[in-house]
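This briefing is meant for a reader who is meeting the structure for the first time.

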Amino acid sequence: MDSPAPKLRNFCIIAHIDHGKSTLADRMLQLTGIVSDRQMRAQYLDRMDLERERGITIKSQAVRMPWKIGEEDYVLNMIDTPGHVDFSYEVSRSLAACEGAILLVDAAQGIEAQTLANLYLAMENDLEIIPVLNKIDLPAAQPEKYADEIAGLLGCDPEDILQVSGKTGKGVPELLDRIVELIPPPTGELEAPPRAMIFDSVYDAYRGVITYVRMIDGNLSSREKIKMMSTGAVHELLEIGVSAPEPTPTKGLSAGEVGYLITGVKDVRQSKVGDTVTSKENTATTSLKGYVEPKPMVFSGIYPIDGGDYPALREALDKLRLSDAALVYEPETSVALGFGFRCGFLGLLHLEIITERLEREFDISLIATSPSVVYEVTMEDGSEHRVTNPSEYPVGKIKQVLEPVVNATILSPKDYVGTIIELCQTRRGTMIDMQYLSEDRVQLRYQLPLAEIVFDFFDQLKSKTQGYASLDYEESGLQASDLVKVDLLLQGEQVDAFSAIVHKDKAYAHGVSVTGKLKELIPRQQFEVPIQAAVGSRIIARESIRAVRKDVLAKCYGGDITRKRKLLEKQKEGKRRMKMVGRVEVPQEAFIAALGSDPGKVEKKNQ
Amino acid sequence: MPGVLPQGVSWEGSFPVSPEAVSDKTWHAYVHIPFCDVRCGYCDYNTYTSTEVQGVTRAEFHQPLITEMNQSKLVLDQAGIQTKPFSTVFFGGGTPSLFSIEQIEALLTSLQNNYGIKPNADMTLEVNPDSVDLEYMQGLFQLGINRVSIGAQSFDPEVLKVLDRTHDTENVSKAVSQAKQAGLMVSVDLIYGAPGETLQSWLQTVEKTLSLEPDHLSAYALIVERGTKLERQVSKGILDMPDEDLMAAKYELLDEKTSQAGLHWYELSNFSRSDRAISWHNRAYWSSNYWWGFGPGAHSFMGDVRWWNKKHPAAYSKSTDGDLPIHGYEKITQRQHLEERLLLEIRIRQGLQQSLLDELEVKPELVDQQLDLGYLEKFDESYSLTLKGRQMADRVVLNLLN
């Protein structure tokens, strides 16, 4: 079949965080002349401050670059892919928009688990892979060693692996040549009714939603009405164009091309990644394959520290949802934390990005409860419950509990295999297989409950392997497990924020740990406060906070009165901020600290 | 009085108390002598250890105090406030016993001339056991001083070392008997809860003190104040922070031993053998009567205003020339005044009157809660702290206000 656009090459870069993808992209922009040296700023394509700061790319984008080989002019579309496991669906859509992928590996670190996962995804999509070792300017670079490793994975000759430096630009022109040579031009039918796949959808405060598409068949022109195939919704096309790299309007886009659409829609959920765009007049009959609704995997209760911020939090979430189709939330009330929202996320990084954006962009101080996964509970009487909040775990005779499991891939130097196996076993993992990628690097594959991963697994993995191991996982269905809900009681009153669903064998250890932690964090009261962990009505762990015996300043004379009254005023203010659990006063800080082995924070080390 | 002055409105010359705000309460005089031979490690009071501070000498320091006394009378007269003779006079410090009998006399004369002092006024002077003898005690008695407060702190040499006290414990016994011989009532000041002090050590200190048969005893749980040497030692880990539970045990022991010896609590840190031996001066603070604090850093209270003097003796001395040496003041709102009354009156044996709780709109269930928990006990129209409650007074106040 002839290509509708023989001079076009659509490609993406698969790389681990920190392996230099954005820097390489910067060099390409400069070499192809579309961003002048003067305009260049580091990591040009990473838009959000947060992205730039964390050195990660959350949202993929596309850039159109001209490149000449001999007398022939080519157009290269580079589609930037997100690099984190939470966004694997977006990665898969980005890959589906390309014919080829650059596999970019740090010549000093070798391939990482997430890169490997994305590489397999690209191979499944029949993409042409161009392996590249980056950062060869580094003194610690070992290009030969890692070339062997990659060659082993791809079945290619180590000699064929390009060596580049995104920093100095060495090897980058050769890479651009190779993209033209090796990556096939797009396929698709120019004469068919238009079909475009949405691979990204970004909310812009001024322009509304900007939808990035890859035209598969036919063409869309700037004057027609478009139709979303999943919903049938029709939109006026306000602008159509390409990123070069700033948005540049064109008359239309045709099969094989990559560009953007602006329709005036204000909410990314009306323009979902993976959906097919067609024309209202010349409607395609079947949509493109692979569309999936984003499904939240991890839930957490998000509460404002200051209850007065609740309306502001609602407004902020409403705003964030405009740019994030995967974010879901509904109001929730907690005895301990007041009014907040139960929010669903794609994963831990997604959770952390959202809470950080809420705090930073909207200036709301938050407390987030421990992340929970979704449990499907079937009762003896046949009724079924979907539990996203442990405190809503049903009471009564339970027939079966299903929990989500994932297939995890861990890459590590071979010296740590023992510790990793041990860690995975304590986390209820089942080994799928283990194989050597090279002489000293091992790939372990495990099936693990997602709940075990969201609870500081990554942190443990990193600390037990001195940071060398990398992790990737993909959902792999549900499994029945022997799970129980552990409640926490303060002076007999249940504290909902601390309810947790854990495996039966771990309930006791969990109870001891939480009661012990709270004993340290809750100040002594005027009376003794028992702290209990319970499964149903059975107490499995108990601590006790003794009554305070002394709270008085011994001296109070003329010169002390003003100071003492001011202290009282401050204490009154502090007491107002206390959360009451029955008669027990708990400072909000204690809840924050107790909830704060915040597994979300752990992921930071991932960047 | 503690080291750091409060934040308030800065003083701009005009006296902020109006005659209408001044009610019919008793008047009391505090005189601050800001000199010591040695600064104790726990002390954050306004005191100086040299005999001369920036041109201000200890030997002449009664002069600026007298200037303030004269000036205060003038200002009150100008403001149209009817003055009253003082019901009590208290010389505190610092170490007031570093002043000569002549200096004390000059100060009392000035108070007498400007305001008058009531007959049978409680007139107290704080004494360092190292710096007194029988002659000095007799001299005080002749001036009309009827009570000395002797800073013993502890009878355990190890504890005294931690507190940086230099005196010989023998001197305490000597000072007590000299004071008695001179006809003075004796109060002994103790501090408990110093790092390293055991319950046994404290028991011995209490027993030794009671064997001296003082008329009055003040016992303060040690407070690690900011900016003191003690605080630095604690934060560096050289000394352990006093344990609060042990402090509470010591207090209970103290209460038991003093009761047996015939000294009874009338304020949570103060025990007296008789009504007469009570520190009526301090009692005035807890009853929100009016007092004028003369001297650097001293606080005063009158009408709806509390003010405080400049802290440094040199700055203080300079500004007495033609004006009051006041640094700042605060106007106390009606609500603030009620809350101050609550936190002060709860400390004394007579306790909280129902009328005060009503004015503060304290919810009855909050009072009941404190009764149920055993921190308060109810008398006809008042509530007093129990033994357990005395150690928790500040928490009780907070929980009554909710």
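In this predicted model, the contact between the two chains draws on 38 residues from chain B and 25 residues from chain A. The points below begin with the chain B side of that contact and then turn to other parts of the model.

**The side of chain B that touches chain A**

- Seen from chain B, the elements that give two or more residues to the side touching chain A are β9 (216-221), α8 (244-260), α9 (280-286), β12 (290-294), β13 (299-302), α11 (334-345) and α15 (393-401).
- Among these elements, α15(B) provides the largest share of that side, namely six residues.
- By residue type, the side of chain B that touches chain A is made up of 23 nonpolar, six polar and nine charged residues.

**A sheet in chain A**

- Chain A holds an open sheet of six strands with mixed pairing, in which the strands follow the order β2-β3-β1-β4-β5-β6.
- Because β2 (62-69) and β6 (162-163) of chain A stand at the edges and have a single partner strand each, one side of each is left without a neighbour in the sheet.
- Strands β1 (residues 8-15) and β3 (residues 72-79) of chain A pair in the parallel sense, with five bridges between them, and F11(A) stands opposite M78(A), a residue of β3(A).
- Helix α5 (residues 143-154) of chain A lies across β4 (100-106), β5 (128-134) and β6 of chain A, and runs at about 165° to β5(A).

**Nonpolar cores**

- The largest nonpolar core has 166 residues, and within this core I14(A) and A101(A) touch the most other members.
- When neighbours within four places in sequence are left aside, A101(A) is in contact with F11(A), C12(A), I14(A), L95(A), A122(A), L127(A) and I129(A).
- Another core, of 113 residues, lies apart from the largest one, and its members include F86(B), I104(B), V172(B) and L385(B).

**Two domains in chain B**

- The domain assignment divides out domain 1 (19-286) and domain 2 (334-402) in chain B, and the C-alpha centres of these domains of chain B lie 27 Å apart.
- Where the domains of chain B meet, 10 residues of domain 1 are in contact with 10 residues of domain 2.
- On the domain 1 side of this contact in chain B, α8, β10 (264-267) and α9 each supply at least two residues, and α8(B) gives the most, with four residues.
- That side of domain 1 of chain B consists of seven nonpolar and three charged residues, with no polar ones.

Key. Residues are numbered from 1 along each chain as its sequence is written. Chains are lettered from A and ligands numbered from 1 in the order in which they are written. This is a predicted model: local features need pLDDT of at least 70, side-chain atom pairs count only at pLDDT 80 or more; totals for chains, interfaces and linings use all residues. Two residues are in contact if their C-beta atoms, placed from the backbone, lie within 7 Å. Ala, Val, Leu, Ile, Met, Phe, Trp, Tyr, Cys and Pro count as nonpolar, Asp, Glu, Lys and Arg as charged, and the others, Gly among them, as polar. Two strands pair if DSSP finds at least two bridges between them. Axes are lines fitted to C-alpha atoms, for helices over the stretch in contact, and angles run from 0 to 180 degrees between N-to-C directions. A nonpolar core is a set of buried Ala, Val, Leu, Ile, Met, Phe, Trp, Tyr and Cys residues joined through C-beta atoms within 7 Å. A residue is buried if 20 or more other C-beta atoms lie within 10 Å of its own, exposed if 12 or fewer, and partly exposed in between; C-beta atoms are placed from the backbone. Domain bounds come from an automatic or database domain assignment.
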